[in-house]
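Dear colleague,

I am handing over the structure we spoke about, and I would be glad if you could look through it before reading my notes. Please keep it open beside this message as you go.

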Amino acid sequence: MKYRYAVPGDDFSLAGKASAEFKRVLGQLGIDPAVVKRTSVAMYEAEINMVIHAGGGVAEADITPERILITMADKGPGIPDIDLAMTEGYSTAPEWIRELGFGAGMGLPNMKRNADDLRIDSKIGEGTTVTITIRLAAAGGAA
Amino acid sequence: MTDTSMTSFHSVTLDRDRCVGCTTCIKKCPTEAIRVRKGKAHIINERCIDCGECIRTCPHGAKKAISDPLAAKDAFRIKVAVPAPALYSQFDENISINRILGGLLDLGFDEVFEVAAAAELVTAATRDLIASEEGRTMPRPLVSSACPAVVKLIQVRFPSLIPNLVPLLPPMEVAARIVKEELHKGEEGVGVFFISPCAGKVTAARSPLGYERSAVDGVIGLKDIYLPLRAAVAKAGERPLSQAGSVGIEWARTEGEAEALGERRSIAVDGIANVIGVLESLENGKLKGVEFIEALACPAGCVGGPLIVENPYIARARLGNRALSLDPFAEGRTVSPGGYRWDRPIQPRPSRLLDADMLKAMIMLEEMEHLQGLLPGLDCGSCGAPTCQALAEDIVRGNAVETDCVFKLRETVRDLAGQLLALEEIKPPGLDKE
């Protein structure tokens with residue numbers, strides 16, 4: 001089943017709403033708390049990135065008993081060098097974002113750490129799509 | 001692994017005669033645990049975390065905490081009062097702690113032992129734990145387990161944070177155990193009564209979290225004892241009863257526990273909505289470099305508990321003033337060898353779970369989303385559920401029907417009226433002349 005959340009790019013106070021909404025869904029399905037945490041961290045980081053760098057976008061989450069698939073698509077500036085962006089500590093976030101405690105260059109590495117699979121498709125001037133896969137145990141919903 | 005034993009008793013209950021069926025409480029409940037049915041509020045036990053938010057917000061005083069009457073102590077040979085430090089904040093600073101404790105004795109208790117003194121030991125035990133090998137490997141930040149409403153909130157809403165909880169007994173329990181296992185070791189007929197600012201502690205004494213059996217024999221609500229105690233204190237003389245230092249006393253307000261610990265990289269948060277916000281950030285991995293979180297469900301901390309009589313911020317200021325004239329720690333007591341560890345683990349209580357079978361839960365969830373799209377989205381509460389989303393959930397759980405929504409009901413009536421009109425137009429064939 002699929003969920004679609006619009007992530008507005010003009011109000012930073014709303015950043016994190018999509019991941020919070022999706023977390024409720026995971027709780028209702030009885031997903032293991034540790035998996036819920038990993039999913040929340042990865043999705044939250046992606047959501048924040050989308051707001052900071054790309055003026056928002058669309059988050060889609062799809063769950064089957066086997067896996068959670070999260071697709072975060074934006075029409076932002078794109079990432080010129082994905083390998084460099086994946087480096088811990090590398091950041092292009094503006095100063096005011098850093099002052100809020102974000103933009104430490106840990107977003108993408110953190111996503112990678114928490115996802116079972118992370119794919120980044122990016123085109124300069126067109127946008128970025130981040131695809132996060134979290135595998136679920138075969139047993140499914142034992143919480 | 002769902003722990004159902006803890007859902008059996010709740011201190012927070014409804015006074016049916018006072019409830020007018022308004023929807024104030026359902027809106028304020030942080031776990032959406034209240035519904036209005038047949039004109040009265042109902043608490044869903046599995047979801048209630050005993051935070052007392054409904055007691056605080058009910059305009060009709062219809063929510064109350066079940067606690068023990070003062071007379072309950074008379075069943076014991078040796079009656080011991082263990083007052084929460086928040087008690088001291090309910091009296092003017094020129095009334096000494098000695099006189100407040102003396103007032104308790106004059107109400108018929110044989111002895112008093114301050115929970116504040118136990119809180120200091122919990123601080124020491126927490127420091128020991130943090131310095132230990134085990135403590136060093138625990139996930140950071142550690143989250144205080146002193147507030148029972150917060151522990152329950154974590155069980156029902158943030159189960160992934162259970163490993164962050166400090167696995168130590170709360171000060172109330174430590175105080176009761178000191179009375180029974182150290183001061184009156186091996187004696188029969190010792191009754192320990194906690195004087196409580198909150199409903200959560202009443203529940204914690206009967207259905208403990210993290211330990212099998214509580215040494216507390218009864219919990220008396222602070223506001224229930226306030227008037228007789230006030231009268232007793234007015235006549236009470238100065239007796240040398242006060243032992244606790246400023247550190248223990250300040251546990252009753254926000255930041256008290258964190259300051260006592262001396263951990264600078266800590267967050268102290270109060271008010272259940274703010275606590276949810278901080279735990280949400282923690283679960284999202286946002287709190288880097290934080291070592292300790294003190295989280296208290298009530299505004300300003302325990303001094304803002306639902307069973308308190310004074311305004312939380314006045315109470316907080318008074319407590320601070322009292323602390324100024326005290327030494328930091330009570331003398332002569334050290335952490336017991338056991339270190340006040342929990343004796344059983346805290347289990348998740350996934351109250352949001354729709355069905356243990358994930359496929360069934362997915363079908364229900366889909367139905368819920370569909371229903372939610374049909375509802376007006378005004379979250380008016382007239383149906384008795386706090387939000388349209390909650391009503392949709394109640395419907396798929398089989399606890400409500402679509403026409404519980406007044407807007408859906410109106411639509412249905414309008415459709416029916418249309419059908420009636422259409423039927424009225426139809427005449428039997430024999431009469432249906434040109």
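What follows is an account of what was found, chain by chain.

Please bear in mind throughout that this is a predicted model.

I begin with chain A, which contains 5 helices and 5 strands, arranged along the sequence in the pattern β-α-α-β-β-α-α-α-β-β. The radius of gyration of chain A is 15 Å, close to the 15 Å that the globule rule gives for 143 residues, so chain A is as compact as a globular protein of that length. Along the principal axes, the C-alpha trace of chain A spans about 45 × 30 × 25 Å. Of its 143 residues, 43% count as buried, and, when one takes the contacts in chain A between residues at least 6 apart in sequence, 63% of them join residues at least 24 apart.

Is Ile124(A) buried or exposed? Ile124(A) counts as exposed, because it has 10 C-beta neighbours inside 10 Å, and the cut-off for an exposed residue is 12 or fewer. Once residues up to four places away in sequence are set aside, Ile124(A) touches Gly78(A) and Pro80(A). With Gly78(A), the separation in sequence is 46 residues, while the C-alpha atoms of Ile124(A) and Gly78(A) are 4.4 Å apart in space.

Chain A also meets chain B, in a contact that takes 22 residues from chain A and 18 residues from chain B. On the side of chain A that touches chain B, helix H1 (17–29) and helix H2 (33–54) of chain A each supply at least two residues. The residues on that side of chain A divide into 11 nonpolar, 9 polar and 2 charged.

Turning to chain B, you will find 16 helices and 11 strands, and C-alpha atoms that fill a box of roughly 105 × 50 × 40 Å along the principal axes. Of the 434 residues of chain B, 49% count as buried, and among contacts in chain B between residues at least 6 apart in sequence, 77% join residues at least 24 apart.

Chain B is divided into domain 1 (5–64), domain 2 (70–324) and domain 3 (358–425). The centres of domain 1 and domain 2 of chain B, taken over C-alpha atoms, are separated by 24 Å, and the contact takes 16 residues from domain 1 of chain B and 20 residues from domain 2 of chain B. On the side of domain 1 of chain B that touches domain 2 of chain B, the largest share, 3 residues, comes from helix H2 (residues 53–57) of chain B. The residues of that side of domain 1 of chain B divide into 7 nonpolar, 5 polar and 4 charged.

Chain B also holds an open sheet of 3 strands in the order E7-E11-E10, with parallel pairing. Its edge strands are strand E7 (142–143) and strand E10 (266–270) of chain B, each of which pairs on one side only. E10(B) and strand E11 (residues 292–296) of chain B pair in the parallel sense over 5 bridges, and Ile267(B) has Ile293(B) in E11(B) as its bridge partner. Helix H12 (residues 272–283) of chain B lies across E10 and E11 of chain B, running at about 145 degrees to E10(B).

Another element to look for is helix H7 (residues 171–183) of chain B, which is largely enclosed by the rest of the structure, because 10 of its 13 residues are buried. Among those buried residues of H7(B) are Met172(B), Val174(B), Ile178(B) and Val179(B). The buried residues of H7(B) pack against strand E5 (78–83), helix H4 (115–131), strand E8 (190–196) and helix H8 (199–206) of chain B.

Finally, Arg318(B) lies in helix H13 (residues 312–324) of chain B and, with 19 C-beta neighbours inside 10 Å, counts as partly exposed. Leaving out residues up to four places away in sequence, Arg318(B) touches Ser89(B) and Glu93(B). Arg318(B) and Pro30(B), which are 288 residues apart along the chain, have C-alpha atoms separated by 29 Å.

With best wishes

Key. Residues numbered from 1 in each chain as written. Chains lettered and ligands numbered in written order. Predicted model: local features only at pLDDT ≥ 70, side-chain atom pairs only at ≥ 80, totals over all residues. Buried ≥ 20, exposed ≤ 12 C-beta atoms within 10 Å, placed from the backbone. Contact = placed C-beta atoms within 7 Å. Helix = DSSP H or I, 4+ residues; strand = E, 2+ residues; numbered from the N terminus. Nonpolar A, V, L, I, M, F, W, Y, C, P; charged D, E, K, R; others polar. Domains from an automatic or database assignment. Rg over C-alpha atoms; globule rule 2.2 N^0.38 Å. Pairing = 2+ DSSP bridges. Axes fitted to C-alpha atoms, helices over the stretch in contact; angles between N-to-C directions.
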